[in-house]
Amino acid sequence: MECQHISYQYPQQSTGLVDLSGHFPEGQVTTIIGPNGAGKSTLLNVLARRLQPQQGKVLVGGKDSYDLSDRQFAQQVALVTQQHELFDELTVREVVATGRLPYHGLLSQVPPAEVDPYLEVNGLTNLADDLIQNLSGGQQQRVWLAAALAQEPRVLLLDEPTTYLDVHYQQALMAQLRELASRGMTVIQVLHDINQAFRISDWLWLLQDGQLIKCGTPAELRTAPLLAQTFKTAVEIVEVPKLGPYIVQLPE
Ligand SMILES: Nc1ncnc2c1ncn2[C@@H]1O[C@H](COP(=O)(O)OP(=O)(O)OP(=O)(O)O)[C@@H](O)[C@H]1O
């Protein structure tokens, strides 16, 4: 996936995204980081075709994303976000089955055998017949991930996927994302925890005020002056035994 000169402005807003260009390496985990209001979610929504940029293009597999039909796009790109359409009356199995709609068109046409593996791999088999509205936030998050994976996308987009997850499931999710990338999926996520972002990612995009300040490997971006300037706080990078470099925010 690649951005070419993307600019996006919300109605009556001056900020959004300003002339972003860069790529998201195939089969790798990229994390978009930056302070509040930097444009991270806006960028993810542009990549997911939920917001149409006023200028520039997003390329998916070398094609302009807007040259693909809705169905073709959904076979290429899946989004896991915190904002969900009202699916309250659906069971877990039905929600995961919605991920197969780009291949079948109607929920009733989706064979259970195409849903079961995604329930299983996300630990949802026992919850399959429960209504999604009766699940905890963390369980719901796993259902949305399972539905996105059922789309069999080349590119998986995730907005703050760890928000409702406890420490155990956060680690399990990060391991799952690494595994998906190792099998060729391009994973692009927004995370607030920069240490987690640096630890898990192959590639990082650092945004500020709607602009791409720098993209590169964790080693290239892990510099105290760059992070201090972008996040407007003093930081130090310390070496923690068994963990490696750790970014610490210093008291004001
Ligand atoms: N629906 C909207 N309408 C108008 N302006 C918006 C809307 N959503 C976001 N913005 C503005 O666009 C800018 C970027 O917002 P965005 O949510 O993309 O930032 P972010 O980096 O994801 O922030 P956060 O870390 O707080 O989630 C901000 O100035 C925000 O106020």
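Which residue is the bridge partner of T31 in strand 8? The partner is Q189. This is a predicted model, in which local features need pLDDT of at least 70 and side-chain atom pairs count only at pLDDT 80 or more, while totals for chains, interfaces and linings use all residues. Residues are numbered from 1 along each chain as its sequence is written. Helices (H or I, at least four residues) and strands (E, at least two) are DSSP runs, numbered from the N terminus. Two strands pair if DSSP finds at least two bridges between them.

- Six strands form an open sheet with mixed pairing, in the order 6-7-8-3-9-10.
- Strand 6 (77-80) and strand 10 (211-216) are at the edges with a single partner strand each, so one side of each has no neighbour in the sheet.
- On average, neighbouring strands of this sheet are turned by 15° against each other, direction ignored; axes are lines fitted to C-alpha atoms, for helices over the stretch in contact, and angles run from 0 to 180 degrees between N-to-C directions.

**Strand 3 and its partners**

- Strand 3 (residues 29-33) pairs with strand 8 (residues 186-190) in the parallel sense, over four bridges.
- A residue is buried if 20 or more other C-beta atoms lie within 10 Å of its own, exposed if 12 or fewer, and partly exposed in between, with C-beta atoms placed from the backbone.
- Strand 3 is largely enclosed by the rest of the structure, because five of its five residues are buried.
- In a regular strand the side chains alternate between the two faces of the sheet.
- Both faces of strand 3 are covered, with V29, T31 and I33 buried on one side and T30 and I32 buried on the other.

- Two residues are in contact if their C-beta atoms, placed from the backbone, lie within 7 Å.
- Strand 1 (residues 2-9) and strand 4 (residues 55-60) are joined in the antiparallel sense over four bridges, and E2 has L59 as its bridge partner in strand 4.
- Helix 1 is mostly covered, with six of its eight residues buried: K40, T42, L43, L44, V46 and L47.

**The ligand shell**

- The residues surrounding the ligand are Y10, Q13, T15, G16, G34, N36, G37, A38, G39, K40, S41 and T42; a residue is near a molecule if its C-beta atom, placed from the backbone, lies within 6 Å of it.
- Helix 1 (residues 40-47) gives the largest share of this shell, three residues.
- By class, the shell holds two nonpolar, nine polar and one charged residues. Ala, Val, Leu, Ile, Met, Phe, Trp, Tyr, Cys and Pro count as nonpolar, Asp, Glu, Lys and Arg as charged, and the others, Gly among them, as polar.

**The nonpolar core**

- A nonpolar core is a set of buried Ala, Val, Leu, Ile, Met, Phe, Trp, Tyr and Cys residues joined through C-beta atoms within 7 Å.
- The largest such core has 65 residues, and L47, V96, V143, A146, A148 and L157 have the most contacts inside it.
- Helix 6 (residues 137-150) supplies the largest share of this core, eight residues.
- Neighbours within four places in sequence left aside, V96 is in contact with V115, Y118, L119, V143, A146, A147 and A150.

**Loops and backbone angles**

- Most residues other than glycine have a negative phi.
- E160, in the loop between strand 7 (155-159) and helix 7 (167-182), has a positive phi near 50°. E160 counts as partly exposed because it has 18 C-beta neighbours inside 10 Å.
- D209, in the loop between strand 9 and strand 10, also has a positive phi, of about 50°. With 15 C-beta neighbours inside 10 Å, D209 counts as partly exposed.
- R49, which follows helix 1, has a positive phi near 65°.
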